[in-house]
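Trainee: I have a new structure to look at, and I would like to learn how to read it. Could you walk me through it, one feature at a time?

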Amino acid sequence: MLDVVSGVLLSVGAVYVLSGGVGLLRFPDFYTRIHAAGITDSAGAGLILLGLLVRTPSWETGVRLVIIMLFLVLTGPTATYVLAFAARRDGVPIWHEGDGRR
């Protein structure tokens with residue numbers, strides 16, 4: 001049963017990370033690309049770490065995985081915000097429908 005739960009979490013996390021990579025390639029401007037990367041990075045990595053947490057043989061490894069998860073949850077959205085704020089401050093234009101890709 002734990003193998004099935006772990007496999008599902010790992011698979012869904014991998015799909016999230018893959019969709020974030022596709023979003024980086026397909027979205028038209030900087031802001032939508034960092035949005036895709038920020039959302040899918042946190043969700044995908046969190047699900048992958050949960051899938052690994054289910055399979056850990058020792059509590060020491062589980063504690064390390066939880067610490068990594070907390071670190072990712074705190075730093076991922078913060079980095080995305082700082083990038084968007086700096087880009088907006090430096091005048092990176094926002095994409096509007098009908099504009100070409102940037």
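Mentor: Gladly! Let us begin with a term: helices (H or I, at least four residues) and strands (E, at least two) are DSSP runs, numbered from the N terminus. In this protein chain, the order of elements from the N terminus on is α-α-α. The radius of gyration, taken over C-alpha atoms, is 17 Å, well over the 13 Å that the globule rule gives for 102 residues, so the protein chain is more spread out than a compact globule. That rule is 2.2 Å times the number of residues to the power 0.38.

Trainee: Before we go on, where do the values come from?

Mentor: This is a predicted model, in which local features need pLDDT of at least 70 and side-chain atom pairs count only at pLDDT 80 or more, while totals for chains, interfaces and linings use all residues. Residues are numbered from 1 along each chain as its sequence is written, and side-chain values use heavy atoms, with hydrogens and water left out.

Trainee: How many helices and how many strands are in the protein chain?

Mentor: There are three helices and zero strands. For the outline, picture a box of roughly 50 × 25 × 10 Å along the principal axes, filled by the C-alpha atoms.

Trainee: What share of the residues in the protein chain is buried?

Mentor: Buried means under 20% relative accessible area, exposed means over 50%, and partly exposed is in between (1.4 Å probe, protein chains only). Here, buried residues make up 22% of the 102 residues. Accessible areas come from the Shrake-Rupley method with a 1.4 Å probe, and for residues only the protein chains shown count as cover. The protein chain exposes about 7000 Å², with carbon and sulfur atoms supplying 73% of that area.

Trainee: Is Gly13 buried or exposed?

Mentor: Gly13 is buried, with a relative accessible area of 0%, and its place is in helix α1. To see what surrounds a residue, we look for contacts, meaning heavy atoms within 4.5 Å. Leaving aside residues up to four places away in sequence, Gly13 touches Gly44, Leu47 and Ile48. Ser58, by comparison, is 45 residues from Gly13 in sequence and 22 Å away, C-alpha to C-alpha.

Trainee: What do contacts look like over the whole protein chain?

Mentor: Take the contacts between residues at least 6 apart in sequence: 68% of them join residues at least 24 apart.

Trainee: Which side chains meet in salt bridges?

Mentor: A salt bridge is a side-chain nitrogen of Lys or Arg within 4 Å of a carboxyl oxygen of Asp or Glu. A search of the whole structure finds two. One joins the side chains of Arg55 and Asp3 at 2.7 Å, N to O. Arg55 lies in helix α2 (residues 30–55) and Asp3 in helix α1, so this pair ties together parts that are 52 residues apart in sequence. Arg55 is partly exposed at 49% relative accessibility, and Asp3 is exposed at 53%. The other joins the side chains of Arg89 and Asp90 at 3.6 Å, N to O. Arg89 is exposed at 59%, and Asp90 is exposed at 58%.

Trainee: Where is Val22 found?

Mentor: Val22 is in helix α1, which covers residues 2–26. With a relative accessible area of 45%, Val22 is partly exposed. Its C-alpha atom is 9.4 Å from that of Ala37, 15 residues apart along the chain.

Trainee: And where is Arg64 found?

Mentor: Arg64 belongs to helix α3 (residues 59–89), and at 57% relative accessibility Arg64 is exposed. Arg64 and Leu53 are 11 residues apart in sequence, with 9.4 Å between their C-alpha atoms.
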